[in-house]
Amino acid sequence: MTRVMTKVFAIAAVVICIGTFVTMLIGLINSGYQSLSFEFLFSSPRNFGLEGGIAPILISTSMILVLAILFAVPISMLTAIFLFFRCRCDTVQTRLILTVLELLASIPSIVFGLFGMLFFCDFLHLGFSILSGGLTLALMIFPTLCLTLFASFLTLPNETRMVSESLGLSRLTVARHLLIPHSISGIVAGIVLGVCRCVAETAALIFTSGYSIRQPRSIFDSGRSLSVHIYELAMNVAGGDANANAAALVLLIVLLIINLLIFAIVDRQPNWIRSANH
Amino acid sequence: MTTSPNIFEINNFSASYRDAEALNDVSLNIPRRGIMSIIGPSGCGKSTLLNSLNRITDLTPDFSHRGDVHFDGQNIYQRDFDVVNLRKNVGLIFQKPNPFPFSVYKNLSLPLKEHGMRNRKEIESTVNESMKIVGLLDEVSNIRRRNATELSGGQQQRLCIARTLTLKPKVLLCDEPCSALDPVSGKKIEDLLVRLGKEISVVVVTHNLAQAKRISDCVAFFCMVEGVGKLIEKGDTQKIFNAAQHHMTREYVDGSFG
């Protein structure tokens with residue numbers, strides 16, 4: 001009986017997941033495909049985005065994304081490594097850090113947006129800029145990324161830890177040669193999650209990167225991200241639905257490509273680990 | 001530097017995990033050469049003692065100790081003691097073979113590089129030398145490409161021994177090194193330990209009394225007394241197996257224990 005129930009639930013879950021996705025996709029394609037063209041991708045928006053394309057927006061989005069990842073990944077990596085080496089020696093301290101990280105991970109992104117506006121834009125005088133947005137997003141994905149990395153580090157067998165310690169290997173060596181190669185798939189999964197959250201983020205960016213639809217010249221310029229553009233077109237521009245749908249379709253495709261790319265790299269992982277180990 | 005005949009001098013050493021005492025008041029000298037077997041029933045603190053000598057117990061959060069342990073005349077628990085240097089000089093072999101999941105060559109060269117050897121040729125010759133001592137040089141080909149986890153269990157264990165030997169340790173501590181292996185592989189490890197015991201100090205924790213009798217020069221017998229591990233008796237192998245003074249030792253080596 002339980003087996004039948006499990007099967008029913010499993011099938012229901014699959015139907016719901018795929019059904020939602022397909023319905024959404026069909027909706028987007030239906031209302032967005034007329035606007036989607038080569039020109040749409042490679043030209044600037046005109047008339048508040050009702051005409052023209054999304055080229056500067058794509059550039060802003062990638063700049064924000066790259067900055068966010070560039071700041072978030074190294075810091076969360078170091079934090080997770082620190083936690084890993086401390087977690088068996090100092091339970092009170094690590095429990096405190098983990099609790100704080102979990103709390104931070106559950107804070108809504110709009111709060112990060114407000115904080116980013118006050119801290120990066122005003123206090124650090126970065127203004128509405130791609131840098132402010134990137135830093136805010138880095139801060140936003142940091143807790144989740146850190147916890148994901150830490151969880152994947154914990155799968156390192158305790159014996160490996162003991163042996164490396166008994167050989168007098170430094171933490172840096174253990175991290176570089178044992179910990180990171182061992183948890184590479186967890187690390188990549190964490191980064192993919194972070195990337196997707198960044199690309200999809202709207203609320204935190206409205207307050208930090210701004211609305212400007214001009215081509216950004218540097219990271220200190222304001223720039224509109226794709227999700228902010230969709231939000232603007234759908235909510236604040238009358239008749240912007242078609243282009244909003246087209247932009248959403250592009251967003252979906254971008255996410256898909258990023259996912260596929262990163263997982264293609266992970267699949268190659270055994271090879272580069274082997275060749276890196278001589 | 002002292003010229004004591006003992007590499008380790010353990011004085012009134014007690015060890016506890018949280019509040020449970022695992023070892024009580026152990027005093028034992030470990031000579032610079034030869035094999036010492038540590039025997040006794042499970043849970044009597046043999047492994048704890050072994051782990052304390054390499055200070056791998058630092059990883060256990062609730063571990064605490066009393067008394068002191070001198071390595072080469074230096075108290076290993078004193079402040080500012082160079083633990084990394086201790087671990088370089090005191091190799092530890094675990095029950096389960098645990099090679100790192102990369103090439104055989106890198107398994108051996110990584111600790112060398114860690115401890116400051118930079119010259120490529122020097123590293124290579126040291127690796128080959130260790131591989132030769134443990135008898136893997138002829139058995140395993142293509143050590144730069146071959147992943148260490150692909151070796152057989154016995155080969156893996158010998159690789160682990162070779163890995164510590166690259167650092168030219170003065171002591172090799174083995175925690176039941178053969179018990180996870182088949183008898184043939186176990187015999188190879190035994191022979192290897194006997195050869196090593198001629199040059200350096202080898203300490204073997206074992207449940208295999210026949211093995212202790214075969215390979216060791218001296219034996220220390222540990223046992224639980226009122227729930228705490230204690231050193232009951234130590235002495236030459238012949239004496240412990242044939243003319244032990246303590247009745248518990250006699251019962252244990254006769255197999256009539258408990």
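# Briefing: a predicted model with chains A and B

In the hairpin of β1(B) and β2(B), two residues lie between the strands, and Arg18(B) there takes a positive phi near 50°. Helices (H or I, at least four residues) and strands (E, at least two) are DSSP runs, numbered from the N terminus. Two strands pair if DSSP finds at least two bridges between them.

This is a predicted model, in which local features need pLDDT of at least 70, side-chain atom pairs count only at pLDDT 80 or more, and totals for chains, interfaces and linings use all residues. Residues are numbered from 1 along each chain as its sequence is written, chains are lettered from A and ligands numbered from 1 in the order in which they are written, and side-chain values use heavy atoms, with hydrogens and water left out.

**Strands of chain B**

- Strand β1 (residues 6-17) and strand β2 (residues 20-31) of chain B run antiparallel, joined by eight bridges.
- Within this pair, Ser16(B) stands opposite Glu21(B) of β2(B).
- Strand β6 (residues 90-93) of chain B pairs with strand β7 (residues 171-175) of chain B in the parallel sense, over four bridges.
- Val90(B) faces Val171(B) of β7(B) as its opposite residue.
- In a regular strand the side chains alternate between the two faces of the sheet.
- Both faces of β6(B) are covered: Val90(B) and Leu92(B) are buried on one side, Gly91(B) and Ile93(B) on the other.
- Buried means under 20% relative accessible area, exposed over 50%, and partly exposed in between (1.4 Å probe, protein chains only).

**Loops of chain B**

- Most residues other than glycine have a negative phi.
- Arg55(B) is not a glycine, yet has a positive phi of about 60°.
- The loop between α1 (46-54) and β4 (63-71) of chain B holds Arg55(B).
- Arg55(B) counts as buried because its relative accessibility is 14%.
- Glu176(B) also has a positive phi, near 45°, and is a residue other than glycine.
- Glu176(B) sits in the loop between β7 and α6 (183-197) of chain B.
- With a relative accessible area of 13%, Glu176(B) is buried.
- Arg79(B) belongs to the loop between β5 (74-75) and α2 (83-89) of chain B.
- Arg79(B) has 77% relative accessibility, so it counts as exposed.
- From Arg79(B) to Asp236(B) is 157 residues in sequence and 35 Å in space, C-alpha to C-alpha.

**Chain A overall**

- Chain A has 13 helices and two strands.
- Its C-alpha atoms fill a box of roughly 70 × 60 × 40 Å, taken along the principal axes.
- Chain A has 278 residues, and 46% of them count as buried.
- Of the contacts in chain A with a separation of 6 or more, 74% join residues 24 or more positions apart.
- Contact means heavy atoms within 4.5 Å.

**Helix packing in chain A**

- Helix α1 (residues 2-32) of chain A packs against α12(A) at an angle of about 130°, with the axes 8 Å apart.
- That angle makes α1(A) oblique to α12(A).
- Angles under 35 degrees count as roughly parallel, over 145 as roughly antiparallel, 65 to 115 as roughly perpendicular and the rest as oblique.
- Axes are lines fitted to C-alpha atoms, for helices over the stretch in contact, and angles run from 0 to 180 degrees between N-to-C directions.
- Residues of α1(A) in this contact include Phe21(A), Met24(A), Leu25(A) and Leu28(A), while those of α12(A) include Ala242(A), Asn245(A) and Leu249(A).
- The axes of α3(A) and helix α4 (residues 91-105) of chain A come within 10 Å and cross at roughly 145°.
- In that contact, Phe82(A), Leu83(A) and Arg86(A) of α3(A) meet residues of α4(A), including Ile97(A), Leu98(A) and Leu101(A).

- Helix α11 (residues 226-236) of chain A has buried residues Leu226(A), Ser227(A), Val228(A), His229(A), Ile230(A), Glu232(A) and Leu233(A).
- Their cover includes α3 (55-86), α9 (184-200), α10 (203-206) and α12 (241-267) of chain A.
- Leu114(A) lies in helix α5 (residues 109-123) of chain A.
- Leu114(A) is partly exposed, with a relative accessible area of 38%.
- Leu114(A) and Lys7(A) are 107 residues apart in sequence and 45 Å apart in space, C-alpha to C-alpha.
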